Amino acid sequence: MLSYTEAAACVADYARERTAGRKPVQAELAYACGRVLSEQLRADTDQPPFARSTRDGFACRAAEASAHEFLSIAGSTHAGQPPAGPLPPGAAWEIMTGAPIPAGADAVAMLEDVESSDGRVRLRPPHTLHAGKNVVARGAQAHAGEALLPAGTVLGPAQIALAASCGSAFLPVYSRPRVAILTTGDELVAVQHTPGPGQIRNSNGPMLAAMVVAAGGEPWLFPTVADNAAAIGGAIRQAALPAAQTDLLIFSGGVSAGKFDLVEPALAKSGAEFFFTGVRMQPGKPAVFGQIQHSAEQQLAGFGDLLRSASKDEQRSPLPFLGLPGNPISTAVTFLLFGAPLLASLGGCPQHGPHFIPARLKEEVKGKDGLTRFLPALCDFNRAEGGWHEVEIVPMEGSGDLTALARSNCFVMIPEGSERLGKGTLVSVLPH
Ligand code: AMP
Ligand code: MG
């Protein structure tokens, strides 16, 4: 059985190979945040497109102004007016922030640094100016055609602003990976139903759908799948139809060693290749990862129309799958550790994570022999005592304790081999 570190490396290697394998789509600027650019962004013009003043004041020749003689005011330009001038010798030109510098001027004296008399101005001694002061030259930030953002950039507000300044109302981004979510369990009823004796509501379905959205994917939540091989096999075939365009298959439940844990056998029957079956971690030990081929046409009597609508020339690479144990805390932590990085990668993001943050333990925590532990915890991300956040473990009643999960905001990692970690120890924290 792989250690957590080995399993994470296995997922990361797979993820790396799959980065940027997706089709680009055009995203409207305001909705492009968090998505990944599929082509580089180039400057459409010089940036800035004209030499511009960074201050309210007077455009002038630095050498003349530094002589501290009074200069006549030859004109005025405010932001939005076309470039004016030329600036006559021995003169200054009133100018506002963002306005084009008049021809002939090489600097701007700040309003605060000048004195005026009889409609003339002079730079107050001992202030001096050098050429270029308070002026951004045309093309100083970028030249027309220059690459500003490489493909693979995760778009945030700053990159969106830059794209807007280049006139891109839409940006080419990788499409969101489509994730089929198969929750298994005879005990599960849908949220809107009242559980009968021995039944519980399916909370993993909505949780995983939310986690998929947060990780940049598009969830496709199947109705609950019963604990029988035929039902699981049927759901796998449907999710793996080429026309379904699934990029990742996620199972919740049915991957442990119990009599009704039938996901692994069903996957094996579908010809799955397993990269790992079980990880030395707690919770999450039964997690499985692998890939299957998309469903073949002959297996799919009754899906003919769907198949015909799938593009013939599209040779799809195998479909990765993750089988996550059904206990909600196990499901959450294994999705965060393995599912989210895979999704980020399938969505074209090279920085796929998981992204841990260091924090100091508020109390002693015990390790587990031969297992990496992940404990729901509450980290004070608003404060950094002595430069570090502080984190405390949330008490819980086993890995099914949704109330503990909902009170936490992160998982603390206790690496395999740690007997006990004392108060104040620096640990890795994974926000959720
Ligand atoms: P399993 O991984 O199928 O052995 O399930 C482990 C535990 O998680 C059992 O107590 C299940 O009832 C519970 N469980 C499984 N699937 C879900 C789900 N979708 N929502 C909430 N609890 C679940
Ligand atoms: Mg089950």
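This is a predicted model: local features need pLDDT of at least 70, side-chain atom pairs count only at pLDDT 80 or more; totals for chains, interfaces and linings use all residues.

Colleague: Why does Tyr4 count as buried?

Modeller: Tyr4 has 6% relative accessibility, and the limit is under 20%, so Tyr4 counts as buried. Phe338, at 0%, counts as buried too.

Colleague: What makes Tyr4 and Phe338 an aromatic pair that is tilted?

Modeller: Rings of Phe, Tyr and Trp (its six-membered ring) pair if their centres lie within 6.5 Å; planes under 30 degrees apart are stacked, over 60 edge-to-face, and the rest tilted. Tyr4 and Phe338 are 6.0 Å centre to centre with 40 degrees between the planes, hence a tilted pair. By this rule there are nine aromatic pairs.

Colleague: Which parts of the chain does the pair of Tyr4 and Phe338 link?

Modeller: Distant ones: Tyr4 is in helix H1 (residues 4–18) and Phe338 in helix H8 (residues 328–346), 334 residues apart. Helices (H or I, at least four residues) and strands (E, at least two) are DSSP runs, numbered from the N terminus.

Colleague: And what makes Phe274 and Phe321 edge-to-face?

Modeller: Their planes are 80 degrees apart, with 5.6 Å centre to centre. Phe274 sits in strand S19 (residues 273–277) and Phe321 in strand S22 (residues 319–324), so the pair ties together parts 47 residues apart in sequence. Phe274 is partly exposed at 28%, whereas Phe321 is buried at 0%.

Colleague: How do you know that the charged end of Arg178 sits over the ring of Trp220?

Modeller: The rule wants NZ of Lys or CZ of Arg within 6 Å of the ring centre and within 35 degrees of the ring normal. The charged end of Arg178 is 4.5 Å from the centre of the Trp220 ring and is listed as sitting over that ring.

Colleague: What makes strands S6 and S7 a pair?

Modeller: Two strands pair if DSSP finds at least two bridges between them. Five bridges join S6 (residues 71–77) to S7 (residues 91–95), and these strands run parallel. Gly75, for one, has Trp93 in S7 as bridge partner.

How values were computed:
Residues are numbered from 1 along each chain as its sequence is written. Chains are lettered from A and ligands numbered from 1 in the order in which they are written. Side-chain values use heavy atoms; hydrogens and water are left out. Buried means under 20% relative accessible area, exposed over 50%, partly exposed in between (1.4 Å probe, protein chains only).
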